[in-house]
Amino acid sequence: MMKKSKSKPMTQILERLCKFEYIDVVIFSEEVILEEPVEKWPHCDCLISFHSRGFPLDKAVEYAKLRNPLLINDLNMQYFIQDRREVYRILKEEFIELPRYAVLNRDHPEECNLVEGEDHVEVNGEVFPKPFVEKPVCAEDHNVYIYYPTSAGGGSQRLFRKIGSRSSVYSPESSVRQTGSYIYEEFMPTDGTDVKVYTVGPDYAHAEARKSPALDGKVERDSEGKEIRYPVMLTAFEKLVARKVCLAFKQTVCGFDLLRANGHSFVCDVNGFSFVKSSMKYYDDCAKILGNMIMRELAPKYSIPWSIPIEDEDIPIVPTTSGTMMELRCVIAIIRHGDRTPKQKMKMEVRHHLFFELFDKYGGYKTGKLKLKKPKQLQVSKQKAILLFP
């Protein structure tokens, strides 16, 4: 539990929240949470509480009833987020697009009808040709399997929570699991990436893409060992989806997964309280939104003279040709080198020691590759090239 509350992202956000004049941050210790009755928990006017492995959600709900604090993330909805059946039910009720799916509920045999063929399964009358996805109904169980058709070699890709540099492995096993309850859903052909969306209230959403664990199971990491993620711009429709997810699950700070396939965006998972791992801009925005939300709700209660500060730079506007004003969202430039023609690169195998000296001098052995861009580096490489090709 404390791993998440004392993580770098949470620390960054809380440090910024402390800059609000009337906000003091108190972190409940793990000992207090687990061992003390809620009557002895510290008093607070606003509670940021989220379920994680080992967290006593029942006690948090009891505390909220006792003290009635402002809840950033609704606690009762966090029970539903732990069950993929409930998550999908809520998404469906809110008319949020999902992959086609069916629930195999072995807890109730009368609702359990599975017929397995070589290249398909039939779940309660719904047929899913391979490839299809098999997800445990418990959201805490990350052992998701993807089954392949015989035309693609059969077998299955077994996904799991990241362990070191891997997030999935291939298995020759082609038969579905025979114990437990699962959601079976249509496999969505994406471009090899998953989109992770993070909301802070209904009007703010940050998105990143990462390599899909269903590809080869190898996690792409940077020089610091962090998973590589890429900024993503959400479409207007996807922003509306983010708003609907945030409101439907009553989770101000909420993460969910999007699959972009066949020109559509499908929600395939809702994770609840999640935050971006390495974005100073996100930390600034998150703390500002949460701080303003807290002050807006609680300032009147304590007669604190406060209003949301207006910063002109927050909403840049420009005049249009017709004289009206519009919000400037971004500036996109596509630039290529004028002196370089694509697709005319030369590749060659080298054995001369001068090349290896360059590799050693500029740290190429550490990263497995070498890029020389600085003038001094290029000058050295030019001198060695002259020695090689006089």
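This is a predicted model: local features need pLDDT of at least 70, side-chain atom pairs count only at pLDDT 80 or more; totals for chains, interfaces and linings use all residues.
View 1. S7 covers residues 132-136 and is mostly covered, with five of its five residues buried.

**View 2. S7 and the strands it pairs with.** Strand S8 (residues 145-147) runs antiparallel to S7, and three bridges join them. Look for Glu-134, which stands opposite Tyr-145 in S8. Strand S11 (residues 182-186) is antiparallel to S7 too, joined to S7 by five bridges. Here Lys-135 stands opposite Ile-183 in S11.

**View 3. A cluster of rings.** Ring pairs link Phe-132, Tyr-145, Tyr-147, Tyr-182 and Tyr-184 into a cluster.

**View 4. Two edge-to-face pairs.** The model has 13 aromatic pairs. Take Phe-273 and Phe-275: their ring centres are 5.5 Å apart and their planes sit at 85°, so this pair is edge-to-face. Both Phe-273 and Phe-275 are buried. Phe-359 and Tyr-365 have ring centres 5.1 Å apart and planes at 80°, so they are edge-to-face as well. Phe-359 is partly exposed, at 23% relative accessibility, and Tyr-365 is exposed, with a relative accessible area of 51%.

**View 5. Charges over rings.** Lys-4 lies over the face of Phe-275, at 5.9 Å from the ring centre. Over at Phe-128, the charged end of Arg-100 sits over the ring, 4.4 Å from its centre.

Terms used: Residues are numbered from 1 along each chain as its sequence is written. Side-chain values use heavy atoms; hydrogens and water are left out. Buried means under 20% relative accessible area, exposed over 50%, partly exposed in between (1.4 Å probe, protein chains only). Helices (H or I, at least four residues) and strands (E, at least two) are DSSP runs, numbered from the N terminus. Two strands pair if DSSP finds at least two bridges between them. Rings of Phe, Tyr and Trp (its six-membered ring) pair if their centres lie within 6.5 Å; planes under 30 degrees apart count as stacked, over 60 as edge-to-face and the rest as tilted. A charge sits over a ring if NZ of Lys or CZ of Arg is within 6 Å of the ring centre and within 35 degrees of the ring normal.
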